[in-house]
Amino acid sequence: MINIDFQIQPEDLKKKLELFWELSAEKIKHIDKIYDSSKGSPVFTVDGKYTTRGWTEWTQGFQFGSSILQFDATGDSYFLETGRKATLQKMAPHVSHTGVHDHGFNNLSTYGNLLRLMNEGKIPFNEWEKHFYELALKISGAVQAGRWTKIKDGGFIYSFNGPHSLFVDTIRSCRILVASHILGHVLQSENDEKISLLERAVQHISATAKYSVFYGEGRDRFDVWGRTAHESIFNVNDGNFRCPNSQQGYTGFSTWTRGLAWAMLGFAEELEAFQQISEKEFESFGGKEETDRMMLKAARATCDFYIENTPVDGIPYWDTGAPNLHKLGDYLNRPADPYNAWEPVDSSAAAIGAQGLLRLGKFLKEKNEPEAGEKYWQAGLTVMNTLLDYPYLSTNPRHQGLILHSIYHQPNGWDHVPAKQKIACGESSMWGDYHAREAALYLQRVNNAEEYLTFF
């Protein structure tokens with residue numbers, strides 16, 4: 001389990017954060033200069049060079065969003081202009097994309113970050129530009145909410161696998177519905193039926209908490225507190241849950257750690273967002289108190305599972321049930337080894353999960369649970385302290401990735417195994433690099449006493 005450092009403070013990471021942003025600038029410019037965009041969005045590196053591969057264009061928002069985060073952190077206008085220009089020229093198809101569950105990834109990372117910067121006064125105010133960003137987010141949230149499967153106790157945004165499929169990672173993309181709702185938008189259906197985006201967000205979050213997260217009680221009494229399944233399968237004829245499954249993890253009965261991390265961050269972020277929405281708006285679908293209780297339970301459970309099932313330095317292996325983990329011996333009681341001969345680590349899960357730990361910790365501290373809040377907050381700092389250092393921070397100027405040892409799709413064999421290595425290692429992913437930047441910006445703002453970083 002993670003050896004939580006209860007002494008480290010955000011200001012102790014200042015030097016590491018400064019180096020991080022220096023390296024980040026180099027990586028973004030390198031990609032801008034030589035990447036051939038005609039091949040599609042950059043997804044992950046092979047021998048240190050970004051390449052494309054995948055089922056959908058779900059990483060393009062992370063590419064351009066990284067430039068916008070870089071501007072936010074450093075004030076360098078090069079990154080604002082490149083990020084804003086690319087958003088204008090290339091992101092429109094993502095706003096109206098009906099075939100994916102990734103709207104919160106692509107569009108909040110670009111249009112959302114630009115709107116946030118304008119609202120914060122970090123870029124000049126322009127009324128038409130502001131409305132342009134708002135319209136993109138409104139439509140994106142409605143399009144995402146239209147990808148809907150009804151079940152007996154609500155519904156969910158279905159994955160690209162089809163209407164039967166609930167992905168745990170969609171919980172972070174679900175925030176686009178919340179952003180659209182906060183901007184005053186609704187989804188309109190047949191006969192002008194007005195569908196609440198907040199209600200659909202709550203129903204999706206509830207389905208994720210109920211069917212994708214396990215608590216060791218009731219239906220899953222033989223399971224353990226906080227485990228997650230990547231995919232939950234439903235019978236679309238009668239709306240019944242059928243079984244857990246996995247696409248990128250080892251099995252539906254083990255925990256793919258990036259899926260776990262998506263849940264950690266998704267629940268914590270939505271908890272923060274819902275504090276900005278009045279109780280009255282929740283009255284017609286269960287009430288705000290019950291919604292908060294449900295999300296807080298899931299957030300605690302997933303964060304607890306991460307802490308308990310991750311090596312001492314805070315970097316997890318790619319799946320907690322990976323078949324060769326036993327060959328590593330007592331792997332949870334020593335730092336993760338990305339160069340081992342048996343199973344890959346996934347630094348991108350750490351980059352995502354760290355922010356979930358930090359946000360949950362802050363939330364609980366503000367809800368008069370200082371001891372619990374301190375545990376999660378310090379665990380998040382512990383993970384970030386590891387991630388911002390060797391062997392995870394990429395200092396090689398010829399390597400386009402920023403955070404090393406990320407995994408994409410181990411079951412499909414999509415991850416690069418370098419020469420003289422037995423497992424995939426040493427490579428980066430666009431989502432891992434983006435989320436490391438987001439977590440780094442989060443901590444930098446804490447250090448500088450700037451406005452608290454949220455998607456809303």
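Leaving aside its neighbours within four places in sequence, with which residues is Ile34 in contact? In this predicted model, Ile34 meets Lys49 and Gln400 once those sequence neighbours within four places are set aside. Ile34 belongs to helix α1, and its relative accessibility of 44% lies between the limits of 20% and 50%, so Ile34 counts as partly exposed. A further reference point for Ile34 is Trp256, which lies 222 residues away in sequence and 33 Å away in space, taken from C-alpha to C-alpha.

**Packing of α1 with α2**

Helix α1, which covers residues 14–34, packs with helix α2, which covers residues 60–74, at an angle of about 140 degrees, and the axes of the two helices are 10 Å apart. The crossing in which α1 passes α2 is left-handed. On the α1 side, the residues taking part are Trp21, Ser24, Ala25, Ile28 and Ile31, and they meet Gln63, Ser66, Ser67, Leu69, Gln70, Ala73 and Thr74 of α2. By class, the residues of this contact between α1 and α2 divide into 6 nonpolar and 6 polar, with no charged residue.

**The largest pocket**

The largest pocket holds about 450 Å³ of space. Its lining consists of 19 residues, of which Ser206, Lys210, Glu290, Arg293 and Met294 are the closest to the centre of the pocket. Two or more residues of this lining come from each of the elements α10 (197–212) and α12 (288–308), and α10 gives the most, with 6 residues. The lining of the largest pocket divides into 5 nonpolar, 5 polar and 9 charged residues, whereas the contact of α1 with α2 has no charged residues.

**Two residues by accessibility**

Thr170 is found in helix α8, which runs over residues 170–173. Why does Thr170 count as buried? The relative accessibility of Thr170 is 1%, and buried means under 20%, so Thr170 falls in that class. When residues up to four places away in sequence are not counted, Thr170 touches His101, Ile157 and His204.

| Residue | Relative accessibility | Class |
|---|---|---|
| Thr170 | 1% | buried |
| Ile34 | 44% | partly exposed |

Note on methods:
Residues numbered from 1 in each chain as written. Predicted model: local features only at pLDDT ≥ 70, side-chain atom pairs only at ≥ 80, totals over all residues. Heavy atoms only, no water. 1 Å grid on protein atoms, 1.4 Å probe; cavity = no way out; pocket = protein on both sides within 12 Å on 5 of 7 lines; lining within 4 Å. Points joined across faces, edges and corners; volume = space filled by probe spheres on them. Helix = DSSP H or I, 4+ residues; strand = E, 2+ residues; numbered from the N terminus. Nonpolar A, V, L, I, M, F, W, Y, C, P; charged D, E, K, R; others polar. Axes fitted to C-alpha atoms, helices over the stretch in contact; angles between N-to-C directions. Left-handed = near helix turned anticlockwise from the far one by under 90°. Contact = heavy atoms within 4.5 Å. Buried < 20%, exposed > 50% of the residue type's maximum accessible area, 1.4 Å probe, protein only.
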